[in-house]
Amino acid sequence: MGELANCLKCDKVFVKITRSICPSCIEEEEKEFQLVYQFLKKRENRQATIPEIAEGTGVSEEQILAFVQAKRLNPAKFPNLHYSCSRCGNPIAAGAFCFNCQSELQSDLKKFEEIEKMNQKEERKRNRTYYTKGQ
Ligand SMILES: [Zn+2]
Ligand SMILES: [Zn+2]
């Protein structure tokens, strides 16, 4: 049994099974996907960018982006289906960040963890001194 939810797209109440949008929006999305897919299948459109596809199909750039992010449109086949890294704006075709930002964020995270560890050590030291003094 599904639970009742509001559709993310049209706000209608529906029985949620797997997706967070209602069946009629899924159907709508499917139609849009077919439009985009049929458009891209044409040889002359293979190199189309997202704004060009939006113009050619009438499907919103946001929705096309969602198809790319859901990996329904394969950037390996359509080389211009990239979007901007959420951090620096470089073109990317998967995930939320470009390779550079990903590794920078990872090292930032490591630094953060090291600082956390050091803080915890300091904390323990301080606690120990406190306890010895208190005895
Ligand atoms: Zn809906
Ligand atoms: Zn980036």
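The model is predicted, so local features need pLDDT of at least 70 and side-chain atom pairs count only at pLDDT 80 or more, whereas totals for chains, interfaces and linings use all residues. Residues are numbered from 1 along each chain as its sequence is written, chains are lettered from A and ligands numbered from 1 in the order in which they are written, and side-chain values use heavy atoms, with hydrogens and water left out.

**Zinc ion (ligand 1)**

- Cys7 (SG), Cys10 (SG), Cys22 (SG) and Cys25 (SG) coordinate the zinc ion (ligand 1) at 2.2 to 2.3 Å. Donors here are N, O and S atoms within 2.8 Å of the metal (3.2 Å for Na, K and Ca), and sites may look incomplete because water is not among the atoms.
- The angles subtended by the four donor atoms around the zinc ion (ligand 1) run from 105 to 115 degrees, which makes the arrangement tetrahedral.
- Along the sequence, the donor residues of the zinc ion (ligand 1) have the spacing C-x2-C-x11-C-x2-C. Cys10 sits in the loop between strand E1 (3-6) and strand E2 (13-16), and Cys22 in the loop between E2 and H1, so the pair ties together parts that are 12 residues apart in sequence. Helices (H or I, at least four residues) and strands (E, at least two) are DSSP runs, numbered from the N terminus.
- Cys10 counts as partly exposed at 39% relative accessibility, while Cys22 counts as buried at 1%. For these labels, buried means under 20% relative accessible area, exposed means over 50%, and partly exposed is in between (1.4 Å probe, protein chains only).

**Zinc ion (ligand 2)**

- The zinc ion (ligand 2) has Cys85 (SG), Cys88 (SG), Cys98 (SG) and Cys101 (SG) as its protein donors, at 2.3 to 2.4 Å.
- Its arrangement is tetrahedral, because the four donor atoms around the zinc ion (ligand 2) subtend angles of 105 to 117 degrees.
- The donor spacing for the zinc ion (ligand 2) is C-x2-C-x9-C-x2-C along the chain. Distant parts of the chain are linked by Cys85, in the loop between strand E3 (83-84) and strand E4 (91-92), and Cys98, in the loop between E4 and helix H4 (99-134), which are 13 residues apart.
- Cys85 is buried, with a relative accessible area of 5%, and Cys98 is buried with a relative accessible area of 5%.

**Aromatic cluster**

- Two aromatic pairs are found in the structure. In one of them, the rings of Phe33 and Tyr37 have centres 5.8 Å apart and planes at 15 degrees, so the pair is stacked. Rings of Phe, Tyr and Trp (its six-membered ring) pair if their centres lie within 6.5 Å; planes under 30 degrees apart count as stacked, over 60 as edge-to-face and the rest as tilted.
- Phe33 and Tyr37 both belong to helix H1, four residues apart, about one turn of the helix. Phe33 is buried at 8% relative accessibility, whereas Tyr37 is partly exposed at 26%.
- Phe33 also pairs with Phe67: the ring centres are 5.1 Å apart and the planes at 75 degrees, so this pair is edge-to-face. The link joins distant parts of the chain, with Phe33 in helix H1 and Phe67 in helix H3, 34 residues apart.
- Together, ring pairs link Phe33, Tyr37 and Phe67 into a cluster.
- Arg72 lies over the face of Phe33, at 3.9 Å from the ring centre. A charge sits over a ring if NZ of Lys or CZ of Arg is within 6 Å of the ring centre and within 35 degrees of the ring normal.

**Helix H3**

- Gln63, Ile64, Phe67 and Val68 are the buried residues of helix H3 (residues 61-69). They cover an arc of only 145 degrees around the axis, which puts them on the same side of H3. The arc is that of the directions from the helix axis to the C-beta atoms.
- Helix H1 (23-41), helix H2 (50-57) and E3 are among the elements that cover the buried residues of H3.

**Two loop residues**

- Phe97, in the loop between E4 and H4, is partly exposed with a relative accessible area of 30%. Leaving aside neighbours within four places in sequence, Phe97 is in contact with Cys85, Ser86, Arg87, Ile92, Gln102 and Leu105. Contact means heavy atoms within 4.5 Å.
- Asn45 is found in the loop between H1 and H2 and is buried, with a relative accessible area of 12%. Leaving aside neighbours within four places in sequence, Asn45 is in contact with Phe39 and Leu40.

Technical notes: Four donors count as tetrahedral if all angles lie between 85 and 135 degrees; four count as square planar and six as octahedral if opposite donors are over 155 degrees apart and all others between 65 and 115; anything else is irregular.
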